[in-house]
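Thanks for coming. I will go through a few places in this model, and you can follow along on the screen.

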Amino acid sequence: MTRRVSAGHAVLAATALCVIVIAASLSIGPEPLGPLHLLRQWRAGESIEDAAYILFSLRLPRTLAAFLAGAGLALVGCAFQALLRNPLATPYTLGLAGAGSFGAYTALVLIDFGRLPYSVIGVPMVQAFAFLFAAADVLLIFLVASRRARPTPAVLLLTGVTLGIIANSGIMLTRYFARPERLIDMDRWLMGGVDIVGYRPVAVLAIGVVPACLWLLTQAGKLDQFGFSEEMAAGRGVNITRLQLTVLLLGSFITGVIVSEVGPIGFVGLVVPHTVRAFTGAGHRLLMPVSLLSGGAFLCLCDLAARKVPVAGEIPIGIITTLIGGPFFLYLLVRGRFADWET
Amino acid sequence: MNRCLAAESVAFAYEPGAPVLRDVAATVRGGAVAGIVGPNGSGKSTLLRLLCGLLEPGSGRVTLDGRPLASFRPRERARSLAFLPQGVQPVFLLSAFEVVCLGRYPHVGALAGPSSHDLEVARRCMRDTATDDIRHRSFMELSGGERQRVLLASILAQEPELLLLDEPTAALDIHHETEVFTLLARLAGDGYGVGVVTHDLNLAARFCDTMVLLSREHAVAACGAPEAVLREETLSAAYGARIRVGAHPFTGTPLVYAEPPEGAP
């Protein structure tokens, strides 16, 4: 058996990590200021207008967006790995990233050709299209699944992967029609980014992600049962169809909102749950909340790296998560730290 | 506690026109082991799932103490009867103790984890199945016999009064099959009602109090005491093969033997 840490210690460690990373994220940047710096300036009677603007309008919303996106992706990763009974399942396994990106690309091309306004009643069309296409992806999965007597994990998985491949062709198609000078903007979207200004994206993420995450957390006990044995779970009174529906819809909704706001940021939903599982064990009552906190901290950290790596401008966060996450995942594989999976 | 789970003239088909069970009756009573036997594809596992309430009969009804099983809420049902399917393949690595704790699900709230009482029940069930000393070992590293005993402990942790098991000895050697059936018989002695699907007619003859024999035609070929069910003509017709029945040299219970097909070397 793997070493396990106690529930209290795991939650405490994850919370401490969050606090430290968020504080660092607020304090570190091109301008040397943070909450403490601001307080000192204010007591010295200096003007804090500029500093406050940087802190509250730039760094805080950005930090919150990164935290919410990372937390949501990590939690959905946990849930989908149990629901699809597959260690490689991620929030994007069901084709949500592909579909969302296809939506964003479509909107970008339509806007460029003047067929679509940039925003309708304040809603940016790129985000709206990303979300609608992701929703269409989920709807198609349900249509396929409902044609079967029982949607087995394998059917869900294959449907999602297929839709993802189709969406990628759609992306190629929009790229083909796009004007070459627009391709840079479009591809930048695919790399993900939390370089937001102001609180509108934060509000969208908070409304979209927080309630759904809380609801998803209540499914922990049922996911334990489902991951152990679908039939025993049914025998113990878990309504399998309802569980699959609930987790699929909540997970897809959370992912759809995140993809539409910050783009398809990869690897968070894969690396974080597996790493956390090595410490907490596979019980979802502990694994899910600790993954949620750790995922938020992880993406804040990646955003910090994206801002601080000394190159021109900043590196898109999606590249950072994959560059950190990919090798780390390979290390886990080599070291046999998939101890909590029957692989 | 003398519970009675009964299927009354149930019929079932997964697809219209291809019945898996026709007009079948079966009873599982507290204090007795009821064996469900029959050839491959005769509907044994389906009958067990109907008795568990995991499938709804197309016609007929399944009742628990006279009350329709379908009227129970799922978790309420799970506190009365527990189901052990075949071929449990967990995707997560769990210790034997964690596996047994999963059995507390029908008693634990959606948000709360297991209480100290739940953990105590789990430990007691492990002692009852002689698995307490392997509780820290990883479930999938256990031998087939140990794994089966841990799974038994995990359904006992549901604190049910009726146990329904689908071929619990399928992959076990002769020693471990006997061990599992001995445990089932002892549990029946403690008052549990046990319904068990098995292919091993000789073990069933030795340990079951009653038997239901399903035929290739998906109907009941015989039911009652093992001696009444395990007869040459009845078995030969149900299996569509030449089956011989003698007496076990040591226990005197029926000993069943299938002849090779006629003309075989």
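Leaving aside its neighbours within four places in sequence, Gln41(A) touches Glu46(A), Ser47(A), Ile48(A) and Ala51(A), where contact means heavy atoms within 4.5 Å. Gln41(A) sits in helix α2 of chain A, residues 35-43; helices here are DSSP runs of H or I with at least four residues, strands are runs of E with at least two, and both are numbered from the N terminus. With a relative accessibility of 17%, Gln41(A) counts as buried, a word I use for under 20% relative accessible area, with exposed for over 50% and partly exposed in between, using a 1.4 Å probe and protein chains only. The C-alpha atoms of Gln41(A) and Ala51(A) are 9.2 Å apart, and the two are ten residues apart along the chain.

Before going on, the ground rules. This is a predicted model, in which local features need pLDDT of at least 70 and side-chain atom pairs count only at pLDDT 80 or more, while totals for chains, interfaces and linings use all residues. Residues are numbered from 1 along each chain as its sequence is written, chains are lettered from A and ligands numbered from 1 in the order in which they are written, and side-chain values use heavy atoms, with hydrogens and water left out.

Now two helices of chain A. Helix α4, residues 96-112, has 17 residues and should span 24 Å at 1.5 Å a residue, which agrees with the 24 Å between its end C-alpha atoms; the expected span is 1.5 Å times one less than the number of residues. Since 15 of its 17 residues are buried, α4(A) is largely enclosed by the rest of the structure.

Buried residues of α8(A) include Pro201(A), Leu205(A), Val209(A) and Leu216(A). The partners of the buried residues of α8(A) are α3 (49-83), α9, α11 and α13 (284-308) of chain A.

Phe267(A) has a phi of about 75 degrees and lies in the loop between α11 and α12 of chain A. Its relative accessibility of 27% makes Phe267(A) partly exposed. In chain B, Asp65(B) has a positive phi of about 50 degrees, in the loop between β4 and β5. Asp65(B) is partly exposed too, at 41%.

Also in chain B, Glu167(B) lies in the loop between β7 and α6. Is it buried or exposed? Glu167(B) counts as buried, at 15% relative accessibility. Beyond four places in sequence, Glu167(B) is in contact with Gln86(B), Val197(B), Thr198(B) and His199(B).

Last, the largest pocket. 36 residues line it, with Ala234(A), Val238(A), Gly53(B), Leu54(B) and Arg77(B) nearest its centre. On a 1 Å grid over the protein atoms alone, a pocket is an open set of points where a 1.4 Å probe fits, with protein on both sides within 12 Å along at least five of seven lines, and lining residues have an atom within 4 Å of a point. Five lining residues, the largest share, come from α11(A).
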